[in-house]
Amino acid sequence: MGVNLKQLEAFVSVADLGSFSKAAVRLNTTQPNISLRITALERALDTALMDRDPGSVRLTAKGRDLLAYARRVLQATDDLKIASGNAAIFDGVLRLGVTEMVVHTWLADFLARLAEAFPGLAVELTVDLSVTLDRDLAARTLDLAFQSGPFEHRASGSEELGTWPLAWVAAPSVARALGAGISLEALLAYPILTHARNTRPYADVERHVRQAGRTLPRLIPSNNLAACMRMTAQGMGVATLLEAMVMAELEAGTLVRLDYGWVPEPLAFHARYDAGRAPRYVAIAADLARQAATGFVRAR
């Protein structure tokens, strides 16, 4: 009985995810199919690769030895596909995680570039906070994440996606009431709408107010920056948001930039992935993200 690529894919996926059911989801098949592939591979190699206990899967000593070889075979297969110049033969699912800023700026351009480069590749998109994407990437439930730091977990593959500044904005009526040369006291007279609690911008605003010796303002953190932007445009408070997200509103006049002398630190974004375990197309996708992000900045 021979060894085939589907068996090796199942072996590597179960080893990476620690679960037959998670491997089935990744490979778009069923758990019984994954089990059959692993069993067939063990028979072909005449060795036990995994110990199966209820609720857990552990590699045997031989399984740990052979995992690196299986991974190299799959990577060599990817290299063969790339060298052929026919990217259409790549199939599967890219599990992509992005923050909301990416959705509202250059995600559409990236997806167009990806579809052109890999027409047979499907994308499973997750939009969430950077801290959540960081955990998902470490747990290998994502292949690639576009996110801002700081990061709790290390990623062996990374492409810089630029540094993105923030700005203070408000509805025109609020901006007129505040006037020019806004003081911190005047700013704190309004609710401050900002990023979610466990984000760098929120922490920067909180620290800025405390260091000035002022009472903590009415901070209104939000996991949904689009909603935060809409509430600000409706005059519900002032906000500190990524400039790239509010450029259209600033140009249309529904939001106005505030003349306050301090803003949170810019956010450095990266495309992050596991270079040792991810399929070869993930690194190419990360570079396409760099091109899309750079193109967006140049267009503005």
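Predicted model: local features only at pLDDT ≥ 70, side-chain atom pairs only at ≥ 80, totals over all residues.
Trp106 belongs to the loop between α5 and α6 (107–117), while Phe146 is in strand β5 (residues 144–148), so the contact ties together parts 40 residues apart in sequence. Phe146 also pairs with Phe110, this time edge-to-face, with 5.0 Å from centre to centre and 90° between the planes. Since Phe110 lies in helix α6 and Phe146 in strand β5, this pair ties together parts 36 residues apart in sequence. Trp106 and Phe146 are both buried, and Phe110 is buried as well.

Arg272 lies over the face of Phe151, 3.8 Å from the ring centre, and the charged end of Arg72 sits over the ring of Tyr69, 4.7 Å from its centre.

Now turn to the open spaces. The largest pocket holds about 1,000 Å³. It is lined by 38 residues, with Ser13, Arg26, Leu27, Pro279 and Tyr281 the closest to its centre. By class, that lining has 14 nonpolar, 7 polar and 17 charged residues.

The second largest pocket has about 450 Å³ of space. Among its 26 lining residues, Leu129, Ser130, Val131, Ser148 and Thr199 are closest to the centre. Helix α7 gives the most to this lining, with 3 residues, and the classes here are 12 nonpolar, 9 polar and 5 charged.

Key
Residues numbered from 1 in each chain as written. Heavy atoms only, no water. 1 Å grid on protein atoms, 1.4 Å probe; cavity = no way out; pocket = protein on both sides within 12 Å on 5 of 7 lines; lining within 4 Å. Points joined across faces, edges and corners; volume = space filled by probe spheres on them. Nonpolar A, V, L, I, M, F, W, Y, C, P; charged D, E, K, R; others polar. Helix = DSSP H or I, 4+ residues; strand = E, 2+ residues; numbered from the N terminus. Buried < 20%, exposed > 50% of the residue type's maximum accessible area, 1.4 Å probe, protein only. Phe/Tyr/Trp six-rings, centres within 6.5 Å; stacked < 30°, edge-to-face > 60°. Lys NZ or Arg CZ within 6 Å of the ring centre and 35° of its normal.
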